[in-house]
Amino acid sequence: MDQQPVTAMPVTRPPGPVTRAVMVVLKAVAATGMFLMMAITFLDVIGRYFMKPIFGAPEMIQFLLALTIFAAMGLATATHAHITVDIFTARLRRRFGRSYDLLIRVGNLTGMILIAWQLVRLAVEAGAAHRMSIVLEWPLVWVIGPAAALALAAVWIDLIGYSETAEPQAEEEAGK
Amino acid sequence: MTSITIAIIILLALCFLGVRIGVATLLVGFVAFALERGFGPAMQMSGQRILDDAMNYNLSVIPLFVLMGVFIFRADVSTELYRAAHHQFRNLRGGLAHATIAACAAFSAVCGSSLATAATMTKVAMPSMRRYQYDEGLAAGSIAAGGTLGIMIPPSVPLLIYGIIAQQDIAALFMAGVIPGLMLVVLFMLTIAIWLRLRPGAARAESGAEDKPRGSSAVIAVLGLFVLILGGIYAELFTATEAAGIGAVGAALIAVARGRLKSLADWKDVLVEASSTTASLFLVIFGALVFAEYANYIGLPYMIVDWVDAMQLSAIGLVLMIILIAIVMGMFFESIGILLLLVPVFLPALMTAGVDLIWFGIIVVLVTELGLITPPVGMNVFVVKSIARDGNLTAMFLGVLPFVVAMLVGLALILCFPALVTWLPGLMAG
């Protein structure tokens with residue numbers, strides 16, 4: 001288990017071994033997924049005009065999109081990339097301190113748990129029903145299962161409040 | 001009507017408290033749907049909605065254009081674009097401010113992000129404008145306003161998202177954004193010219209400053225990429241999604257050629273940054289579409305159709321009302337959030353009223369642009385302030401006001417002359 005204490009306010013600090021491993025996996029999957037989406041889209045167009053298009057390219061891109069999104073969900077949390085309305089946050093934080101941060105984290109965590117839970121449920125359903133993709137005829141659980149695991153990793157990042165960067169200056173100033 | 005009112009109040013409260021917009025809309029949409037139909041159907045609806053959107057091929061256009069923007073940002077072409085623009089405007093009073101607008105437009109044409117454009121141009125243009133003792137408001141205003149061009153000049157992520165929600169042709173929307181984008185460039189430059197005519201002391205003369213033409217390779221690369229993307233879409237050589245993939249490869253090649261992608265770590269940084277931005281956009285998409293399912297289930301869009309009918313609102317009256325709501329929302333919400341919350345609810349009413357949805361898309365995106373530079377949120381201004389740290393925020397917001405007026409003039413022109421929007425897509429269709 002990680003040694004990091006659960007604090008209300010996400011702070012920049014060295015990650016524990018579990019978090020470090022989670023971040024490495026998330027970055028690897030997100031970067032690979034993004035690169036492959038670009039490469040397959042490009043090669044498919046080139047192939048259409050000069051050779052042969054890639055069979056099932058749109059379906060591959062669909063799968064890569066899902067994996068990239070859920071891998072990057074935790075990365076967005078760790079880098080404060082998620083979109084929020086920050087106009088009152090600095091003021092509320094000054095007034096209510098840790099209890100305010102805790103409340104917001106519980107709210108965000110609930111949403112991330114809901115997403116992960118849905119994906120786990122859909123992965124189980126897809127596996128039980130042996131659902132296949134239409135063109136490539138790949139088992140859908142191959143995609144939904146890892147997507148669910150990546151969403152759970154995002155829940156972990158939210159749960160421990162891991163932050164890779166300090167909160168953006170502009171966001172803080174917006175609330176002043 | 002009571003349940004939707006309560007849901008909207010809770011949603012706004014959660015957003016203002018600082019809960020992620022995507023999470024707030026998702027939770028409120030989920031709980032409200034569960035209260036109407038039960039927990040099981042709410043689980044089924046939201047799970048399927050999230051999975052369908054995450055695996056929607058058409059939505060892959062978003063990460064690919066985001067990736068293109070991050071590659072271009074990494075390629076560091078902004079300084080050269082700025083120098084080349086300044087060479088063209090060096091004999092005009094306020095040449096640096098004019099160059100800022102032109103460079104913002106060129107950068108936007110391959111970047112697609114307003115915040116990235118504003119951040120980049122602050123680093124590039126602010127030091128020069130300070131050196132020539134430009135009024136702080138003029139300097140910050142031209143950068144912040146120039147940054148907004150990022151979401152009007154194609155490729156633009158908000159236009160993409162609008163096209164997907166309203167089920168409009170992305171290629172037609174991109175074409176539709178070209179003339180309004182260029183019109184805003186002209187209006188911003190006119191604003192600078194009028195400003196300097198009224199207050200000549202707002203900028204010192206720059207005679208002899210950096211008047212050698214520079215940066216031609218960056219200009220050619222950026223314009224070449226823009227022409228390739230829009231030309232390919234226009235000539236129907238590829239779809240918008242394919243154009244995004246080609247654009248990303250092109251932008252990567254520019255970054256490689258300029259020596260900005262030397263190692264695997266450089267590539268990883270770019271890919272991770274693009275994926276992180278993508279995830280933040282998709283969280284908003286998931287939430288808004290789950291909320292829209294709830295709004296659809298209780299029949300909100302049709303309640304609005306009935307209301308519009310009862311009020312005997314004309315098509316233009318309806319559009320003006322939506323503009324007003326979007327302007328108010330723009331004071332607090334980010335452009336994607338406004339589009340996702342507003343468009344699905346009003347879509348049936350707009351269709352019933354016979355509003356051209358391509359024209360409306362440009363209008364609504366232009367209005368969300370306004371939100372980027374108007375207080376209290378005005379993210380572009382905060383970006384300029386956060387980079388030019390010793391600037392005065394009040395002076396910056398005051399400096400943006402003339403550009404807000406210019407955007408309102410642009411909005412009025414588009415409302416009065418829809419052909420400014422519809423002419424180019426019409427040519428493509430013809």
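Reader: Why are B:D53 and B:R49 said to be separated by about one helical turn?
Author: Because they lie 4 residues apart in helix α3 (residues 39–54) of chain B. An α-helix has 3.6 residues a turn, so residues three or four places apart point the same way. As for the helix label, helices (H or I, at least four residues) and strands (E, at least two) are DSSP runs, numbered from the N terminus.

Reader: Before we go on, what sort of model is this, and how is it numbered?
Author: It is a predicted model, in which local features need pLDDT of at least 70 and side-chain atom pairs count only at pLDDT 80 or more, while totals for chains, interfaces and linings use all residues. Residues are numbered from 1 along each chain as its sequence is written, chains are lettered from A and ligands numbered from 1 in the order in which they are written, and side-chain values use heavy atoms, with hydrogens and water left out.

Reader: Good, back to that pair: what makes B:D53 and B:R49 a salt bridge?
Author: The term asks for a side-chain nitrogen of Lys or Arg within 4 Å of a carboxyl oxygen of Asp or Glu. The closest N and O atoms of B:D53 and B:R49 are 3.2 Å apart, so the pair meets the rule. B:R49 and B:D53 are also linked with B:E293 in a network of salt bridges.

Reader: How do you know whether B:D53 is buried or exposed, and how does B:R49 count?
Author: Buried means under 20% relative accessible area, exposed over 50%, and partly exposed in between (1.4 Å probe, protein chains only). B:D53 has 3%, so it is buried; B:R49, at 23%, counts as partly exposed.

Reader: And what about B:R130 and B:E136: which interaction joins their side chains?
Author: They meet in a salt bridge, at 3.8 Å from N to O. Both ends are partly exposed: B:R130 has 34% relative accessibility and B:E136 has 26%. Over all chains, a search of the whole structure finds 13 salt bridges.

Reader: Which residue of chain B does A:R48 pair with in a salt bridge?
Author: A:R48 pairs with B:E242, the closest N and O atoms being 2.6 Å apart. The pair crosses between chains, from helix α1 of chain A to helix α12 (residues 240–257) of chain B. A:R48 is partly exposed because its relative accessibility is 36%, whereas B:E242 is buried at 7%.

Reader: How many salt bridges and polar contacts are there across the interface of chain A and chain B?
Author: The rule finds 2 salt bridges across it. There are 12 residue pairs in polar contact, both residues at pLDDT 80 or more. A polar contact is a pair of N or O atoms within 3.5 Å; within protein, one must be able to donate a hydrogen and the other to accept it, and residues adjacent in sequence count only if both atoms are side-chain atoms. On the side of chain A that touches chain B, α3(A) gives the largest share, 17 residues. By class, that side has 39 nonpolar, 14 polar and 7 charged residues. Here Ala, Val, Leu, Ile, Met, Phe, Trp, Tyr, Cys and Pro count as nonpolar, Asp, Glu, Lys and Arg as charged, and the others, Gly among them, as polar.

Reader: What is the area buried between chain A and chain B?
Author: About 5,300 Å², of which carbon and sulfur atoms give 77%. Buried area is the accessible area (1.4 Å probe) that two parts lose on being put together, summed over both. In contacts (heavy atoms within 4.5 Å), 60 residues of chain A meet 64 residues of chain B.

Reader: Why is helix α9 of chain B called mostly covered?
Author: Because 8 of its 9 residues, in the run 157–165, are buried. Among them are B:V157, B:L160 and B:Y162. What covers the buried residues includes α4 (61–75) and α10 (170–198) of chain B.

Reader: What caps the N-terminal end of α9(B)?
Author: B:S156 does, with a side-chain oxygen 3.1 Å from the backbone nitrogen of B:L159. Just after the helix, B:Q167 takes a positive phi of about 55°.
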